[in-house]
2 protein chains.
Amino acid sequence: MSNCIVAQSGGPTSVINSSVVGLLNANKKLKAFDKVYGGLNGIEGILNKNIIDLSSISDEEIDHFRFTPSSGLGSCRYKLSDIDSCSQEYENLINILKEYDITSFFYVGGNDSMDTIAKLSKYARINKIDIKFIGIPKTIDNDLMFTDHTPGFGSAAKFIGTSVLETYLDASVYVNNGIFILETMGRDTGWLAASSCLAKLDNKSVVDFIYLPESAFDKDQFLRDVKQRFEEQNKVYIVVSEGIRDKNGKFISELQCSSQDKFGHAQLGGVGNYLKNLIIESGITSRVKSLELGILQRCAMHCASYTDLTEAFKVGELALIHAAEGETGKMVAINRDSNEPYTVSYSLVDSDKVANHVSYFPSEWINEAGNFVTEEAYSYFKPLIKDLPNLALKGNLPKYKVFNQ
Amino acid sequence: MSNCIVAQSGGPTSVINSSVVGLLNANKKLKAFDKVYGGLNGIEGILNKNIIDLSSISDEEIDHFRFTPSSGLGSCRYKLSDIDSCSQEYENLINILKEYDITSFFYVGGNDSMDTIAKLSKYARINKIDIKFIGIPKTIDNDLMFTDHTPGFGSAAKFIGTSVLETYLDASVYVNNGIFILETMGRDTGWLAASSCLAKLDNKSVVDFIYLPESAFDKDQFLRDVKQRFEEQNKVYIVVSEGIRDKNGKFISELQCSSQDKFGHAQLGGVGNYLKNLIIESGITSRVKSLELGILQRCAMHCASYTDLTEAFKVGELALIHAAEGETGKMVAINRDSNEPYTVSYSLVDSDKVANHVSYFPSEWINEAGNFVTEEAYSYFKPLIKDLPNLALKGNLPKYKVFNQ
């Protein structure tokens with residue numbers, strides 16, 4: 001008997017379940033494992049033996065699960081201690097895996113999950129435990145190193161581009177239009193905010209200014225830019241990443257909210273409202289609206305990218321195939337071979353190289369003024385948002401299926 | 001030479017351009033008017049002769065315009081004075097219409113627009129001016145009297161239902177889930193918030209509580225409800241209309257923002273955040289998120305209801321047909337003949353009956369506790385959100401076309 005287990009961790013995406021189904025699909029063809037288990041709520045659930053048998057679920061349910069947004073196996077933000085400081089935790093986990101005859105462990109997640117994969121594979125190697133640990137990339141933030149992009153990002157970018165185009169039209173209907181500010185996620189990196197450059201009308205970007213964490217935010221320059229553009233065209237559309245900082249690296253939104261999450265990351269939000277108040281106080285205009293996309297941008301399966309869904313499926317398949325071949329301590333990565341036509345290939349990278357590192361939005365794709373992105377960025381984003389899934393319906397809304405309820 | 005003009009007014013919807021294209025289409029078949037003009041930015045633009053010839057625009061552009069959200073002819077919030085107090089304004093408008101040989105005037109809008117239609121038709125009748133004035137209903141709020149529902153509402157409801165389902169999944173992934181609050185538009189009526197009952201998973205509504213302006217909001221009862229549900233299931237999903245009031249009719253959000261728009265309506269927003277703070281202060285949990293859908297709910301063409309788009313087209317067609325038959329001072333209304341199968345018929349109602357009245361969410365569709373809606377409401381909403389449009393694409397995003405840029 002040789003089984004495997006897959007679990008999900010960190011913030012959800014629209015395509016994270018697609019990776020699980022890709023993995024199930026690969027095992028159907030390969031028959032590498034007798035059973036594919038699903039760990040509910042990541043490591044946290046597995047430590048509580050919250051485990052289900054995914055291979056016994058009907059094809060129909062799995063197909064609905066594949067096109068369901070958010071972590072359908074549940075998630076966690078559980079961080080493993082360092083191996084030296086708490087080996088009991090590792091031992092408990094390994095014992096549970098052994099109890100279920102699990103020889104391969106798959107974790108779908110971002111930097112922190114790759115840290116988990118790196119630690120577990122190291123622990124297994126040191127203790128001569130024959131269990132493989134493979135990471136499957138996932139994050140809307142697109143901030144993982146050694147992969148061209150991450151599954152989940154394309155769908156978020158598609159929702160952002162679509163929503164920017166649509167809200168721009170809504171915010172432009174009057175003779176006296178105002179200033180519109182859209183706040184995207186992106187604590188450390190500006191990939192999500194930058195993807196708003198996708199929104200074009202008559203071949204021209206509808207966004208006037210894009211502010212990213214990678215470019216130091218200068219309040220006075222911001223107000224000068226906005227004032228001038230508002231005088232020129234009587235409307236301004238601004239996209240801002242929640243994580244913008246000043247030249248000293250201090251979060252612009254820090255004064256609004258200073259709580260921290262478990263990993264010590266500052267919990268942000270509200271920077272759009274901060275900019276709104278800045279503009280109003282400066283006297284440019286009082287007609288300013290600010291909108292936060294919030295979690296909508298990471299769960300909008302109805303507006304997901306089919307390309308993204310396909311790639312998420314593929315990295316799941318490859319994870320299983322590589323584990324069956326004996327690989328461990330690796331993450332499946334996507335390499336872009338060509339932009340037009342868009343083609344990718346896949347490879348493996350060491351999960352400890354990926355863990356705890358951040359892939360920033362390239363400075364050469366930011367304009368000199370630090371308030372917009374280049375055409376190279378547009379060309380990078382465009383193929384990632386291609387096509388839509390054809391969703392099954394129930395009651396005239398998408399039919400979704402999860403296993404963590 | 002006999003021409004007509006169509007213009008749009010008030011807040012945009014996803015399907016308001018569809019009504020204009022329906023009208024153009026009817027004239028193509030009927031050839032009732034030599035030219036169909038478009039007034040840019042409603043009455044305000046027409047008074048400035050901001051007028052384009054819609055009948056000279058290519059079929060291809062019109063087809064993209066049809067599937068473009070928001071008022072593609074621009075909008076205004078211009079309110080005509082009473083006939084007695086300022087007949088100069090009426091005279092100016094009539095002179096411009098005569099200059100363009102316009103014999104029929106169509107206004108796509110809500111209550112205030114029907115007020116305009118009522119006033120103009122009355123002025124024309126008194127002064128023996130042979131120009132017809134017909135109203136075409138439009139509002140996401142679904143608050144017009146004498147029509148089963150309004151074009152624009154179905155698409156907003158579809159976006160709300162879809163987003164509720166998707167954000168519910170996102171907000172439920174952890175072992176320790178929190179409380180999620182979604183704020184919809186709806187200043188006077190709760191139709192939009194109530195439509196969140198469409199979101200079901202495994203035949204069960206995912207929303208725990210829905211708070212509407214039609215049901216007096218009691219802070220203490222709210223906290224008791226939320227506390228109990230949170231203890232039962234470790235997560236609560238709440239939908240709240242921006243316009244909820246206490247038993248004295250005072251807006252709950254009034255302390256947050258007290259500005260007023262031109263029509264004397266209080267400008268609301270932020271009630272979701274208010275409830276969030278209430279919950280946190282009460283000590284139920286600190287894990288509370290609040291999200292405002294804002295203008296996303298009225299411009300999300302990518303998630304529009306095809307049924308809604310079709311009906312919007314139809315009321316535009318019928319407006320032109322009825323004007324050509326000599327009707328004036330009327331609005332085209334939709335009557336629901338059957339729920340399953342869903343069938344509707346159309347009729348005319350006096351615009352002065354519609355003007356300045358409000359269709360409230362029926363009290364018999366609100367549960368006894370005042371915190372949810374009945375299955376009758378679900379059956380009413382469900383057919384209105386059927387099917388999606390197949391949008392033309394450009395750069396992997398929807399291709400939109402407007403005339404007010």
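This is a predicted model: local features need pLDDT of at least 70, side-chain atom pairs count only at pLDDT 80 or more; totals for chains, interfaces and linings use all residues.

Me: Is A:Thr139 buried or exposed?
Reply: Buried, because its relative accessibility is 8% and the cut-off for buried is under 20%.

Me: What lies 2.9 Å from a polar atom of the A:Thr139 side chain?
Reply: That would be the backbone nitrogen of A:Asp141.

Me: OK, what about A:Ile140, where is that one found?
Reply: A:Ile140 is also in the loop between β5 and α6 of chain A. A:Ile140 is buried, with a relative accessible area of 6%. Not counting residues up to four places away in sequence, A:Ile140 touches several residues, including A:Pro12, A:Thr13, A:Phe153, A:Met185 and A:Arg298.

Me: Which feature does UniProt place at A:Thr139 and A:Ile140?
Reply: The UniProt record, an unreviewed entry, gives "binding site" there. The record also places that feature at A:Asp141, A:Met185, A:Gly186, A:Arg187 and A:Glu242.

Me: Changing topic: how many residues does the largest nonpolar core have?
Reply: It has 108 residues. Among those with the most contacts inside it are A:Val164, A:Phe361, B:Val164 and B:Phe361. As general background, nonpolar side chains tend to be buried together in soluble globular proteins.

Me: What is B:Val164 in contact with, leaving aside neighbours within four places in sequence?
Reply: B:Val164 is in contact with B:Leu182, B:Ser196, B:Ala199, B:Val206, B:Val207, B:Tyr237 and B:Val239.

Me: What rotation superposes chain A on chain B?
Reply: A rotation of 180°, with 0.0 Å of shift along its axis and an RMSD of 0.0 Å. That is the relation of a two-fold axis. The same surface serves both copies, with 100% of the contact residues of chain A recurring in chain B.

Me: Last one: which strand is A:Ser104 in?
Reply: A:Ser104 sits in strand β4 of chain A, which covers residues 102-109. A:Ser104 counts as buried, at 2% relative accessibility. Setting aside residues up to four places away in sequence, A:Ser104 touches A:Asn3, A:Cys4, A:Ile5, A:Phe33, A:Ile131, A:Lys132 and A:Ala323.

Notes: Residues are numbered from 1 along each chain as its sequence is written. Chains are lettered from A and ligands numbered from 1 in the order in which they are written. Side-chain values use heavy atoms; hydrogens and water are left out. Helices (H or I, at least four residues) and strands (E, at least two) are DSSP runs, numbered from the N terminus. Buried means under 20% relative accessible area, exposed over 50%, partly exposed in between (1.4 Å probe, protein chains only). Contact means heavy atoms within 4.5 Å. A nonpolar core is a set of buried Ala, Val, Leu, Ile, Met, Phe, Trp, Tyr and Cys residues joined through side-chain atoms within 4.5 Å. Copies are superposed by least squares on the C-alpha atoms of residues with pLDDT of at least 70 in both. UniProt positions are given in the numbering used here, feature names are shortened, and annotations may be inferred rather than shown by experiment. A polar contact is a pair of N or O atoms within 3.5 Å; within protein, one must be able to donate a hydrogen and the other to accept it, and residues adjacent in sequence count only if both atoms are side-chain atoms.
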